[in-house]
Amino acid sequence: MDLRDLVEAPGLGLTLLYGEQALSRPIRSVFTTDLIDPGRYLTEGALVLTGLMWRRDPDDSDRFVRVLAHARVAALAAGEAAFGSIPAGVVQACRRHRVPLVAVPVDVSFAQVSELVTTRDDAERERALATALGRERRLLAAITEGRSLDELLTMIGHDTGVTCRVLTPTGRSVAAPAGPLDTADTDAVCRTFQLAERLPSAVSLPTGRTVSVVDVEPRLGQSMTPWFLVCDGDHRTWDDDAHVSLRDLGAVIAAQRRRWDEDRRSTRRSADDVIALTVTGQASRAELAARMGDLGADPGRPCLVAAAIGADEFLDTTCAVLHDAASQIADHPITGVRDGTAITILTRVAAGGSATLRRAFERLAVGSGRLAVGLSGEVSMDALAGAIDEAVHAVRTAELRDQKVAVVTSDEIRSHVLLLGAVPDGVRHAFAVRVLGGVLDYDARHASALLPTLDAFLRADGSWSRCAAELHVHVNTARYRIGRVEQLTGRNLSRLEDRVDLLLALRSLPAR
């Protein structure tokens, strides 16, 4: 029953002293108390009955009512027996904290009020149970028939009058039969989902509407991947049938999320293979295109690569977040792992994809996890390995930033990686072999370490002592090896131009 039913109940003579605007508020339980601080025993939506025996001085009224307001009770019903009428201080405290106040006459016992609420509740529960059973049968039938999540949301909305959407913490709209939220509203509900002390929680959106954010499964620690409901209206005004309906719907949504995660994991090995073959150059263009096509990508369209490193010890969580965000701008992203870094390849990218992806990741900044993300520019499939290098270089740069969620794009990179990322893979590899082919052959024949020595020497900025220390060899050994590299390549490492050639060639070699 609601507060209006209670106040208008015949034979009780109850008087509403404050709360006209809350007459439609549902009463979910009854609790009788004369404790000055009953907070630990209160539940949301309770009708609190009190004889005011806790009131010793005027300040007690504010203390008592403030506890009720914090617990979001439905109303306070105060007996007039102790003082002959309700003290003005109690009325003022209820107005101040916006707690509806009902006066219970001297000749009406609290037992009568409780019995009325209980009797009405029992009758409503019987009706709700019959309705719920019918709805549950229809929901199960719809699931068995393979109805989409959008169709289930439409069905529940028709039954309850509550329009719902399913979102993820990155702002991805999983299901929205009434249309997706705009960007600012999406930011607001994602923030509420991650920060609210308890759910459901009502929030006023930038566009002026009020919605309630409802969880469908527990928010587990630093997990960034749960789905949640965004329902039009304030959940505190919904009837019991709506709450039960949404709880049943939540169980279905949670099962759908787990299925989505299983599908993503089932393609993980194939995605890992595609990424490895791309980076190492061990597959022909035709084979790579076929493998990407099997995963739903379109290798004939421009590609975008994103890489991510998270603080979560479970790399799969980072993969899930990356895949979820990428799904906002492209169908069937290819998401896997390479050398401890989550990587996703996207084709058929929507316009403004990089900006959308950045915003999706930044929505996670209010949560408890840490995430570094790197984004490449758009390239053709022939330059895909370079785009992966570019994204990995960007994510390493993002790791250095003192931010919970740091996103670095290729536009922010000012190094040779950006240049190499735009060059077709075949051209890069041909250049590398032409410059370093003699060194590669020599290392292969003699099991020597000329190539690692060259890499260490360039990273040491030409310092013989630092190069030797990194390789744990004598300085003369390092000098001898670099001398052999110069003979085999025809380059002089004391000249800047030759150093640049060797550096670019080294960075253009396929990963080993």
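Mentor: A helix here is a DSSP run of H or I at least four residues long, and helices are numbered from the N terminus. The model is predicted.

Take α9, which spans residues 285–294. Its buried residues are Leu-288, Ala-289 and Met-292. They cover an arc of only 100° around the axis, so they sit on the same side of α9. The other side of α9 has Ala-286 and Asp-294, which are exposed.

What covers the buried residues of α9? Two helices are among the covering elements: α8 (268–280) and α12 (384–399). Strands take part as well, including β11 (303–310), β12 (334–338) and β13 (341–347). Now look just past the end of α9. There Gly-296 takes a positive phi of about 95°.

One of those covering strands, β11, is given as 303–310, and Cys-303 is worth a look. Cys-303 is buried, at 0% relative accessible area. Its sulfur lies 19 Å from the closest cysteine sulfur, that of Cys-319, which is too far for a bond. Turn to Cys-319. Its closest cysteine sulfur is in Cys-303, again at 19 Å and too far for a bond. Cys-319 is buried too, with a relative accessible area of 1%. The structure as a whole holds zero disulfides.

Next, the sheet. Five strands form an open sheet, in the order β7-β6-β10-β9-β8, with antiparallel pairing. β7 (173–175) and β8 (201–204) stand at the edges. Each has a single partner strand, so one side of each is left without a neighbour in the sheet. From one strand to the next, the twist averages 35°.

How many bridges join β6 to β7? Two bridges do so, and β6 covers residues 164–167. Val-166 has Ala-175 of β7 as its bridge partner.

α6 (residues 183–195) lies across β6, β8, β9 (210–215) and β10 (228–232). The angle of α6 to β9 is about 40°. α7 (residues 240–266) lies across β6 and β10. α7 runs at about 145° to β10.

Thr-50 lies in strand β3, residues 46–50. Thr-50 is buried, with 0% relative accessible area. A polar atom of its side chain lies 3.0 Å from the backbone oxygen of Thr-33. Set aside the neighbours within four places in sequence, and Thr-50 is in contact with Thr-33, Asp-34, Phe-64, Leu-76, Ala-77, Ala-78, Gly-79 and Phe-110.

Ala-93 lies in helix α3, residues 88–97. Ala-93 counts as buried, at 0% relative accessibility. Leaving out residues up to four places away in sequence, Ala-93 touches Ser-61, Asp-62 and Val-65. How far is Ala-93 from Cys-231? The two are 138 residues apart in sequence, and 32 Å apart in space, C-alpha to C-alpha.

Back to α9 to finish. Keep its two sides in view: Leu-288, Ala-289 and Met-292 are buried, whereas Ala-286 and Asp-294 are exposed on the other side.

Key. Residues are numbered from 1 along each chain as its sequence is written. This is a predicted model: local features need pLDDT of at least 70, side-chain atom pairs count only at pLDDT 80 or more; totals for chains, interfaces and linings use all residues. Side-chain values use heavy atoms; hydrogens and water are left out. Two strands pair if DSSP finds at least two bridges between them. Axes are lines fitted to C-alpha atoms, for helices over the stretch in contact, and angles run from 0 to 180 degrees between N-to-C directions. Contact means heavy atoms within 4.5 Å. Buried means under 20% relative accessible area, exposed over 50%, partly exposed in between (1.4 Å probe, protein chains only). The arc is that of the directions from the helix axis to the C-beta atoms. A disulfide is a pair of cysteine sulfur atoms within 2.5 Å. A polar contact is a pair of N or O atoms within 3.5 Å; within protein, one must be able to donate a hydrogen and the other to accept it, and residues adjacent in sequence count only if both atoms are side-chain atoms.
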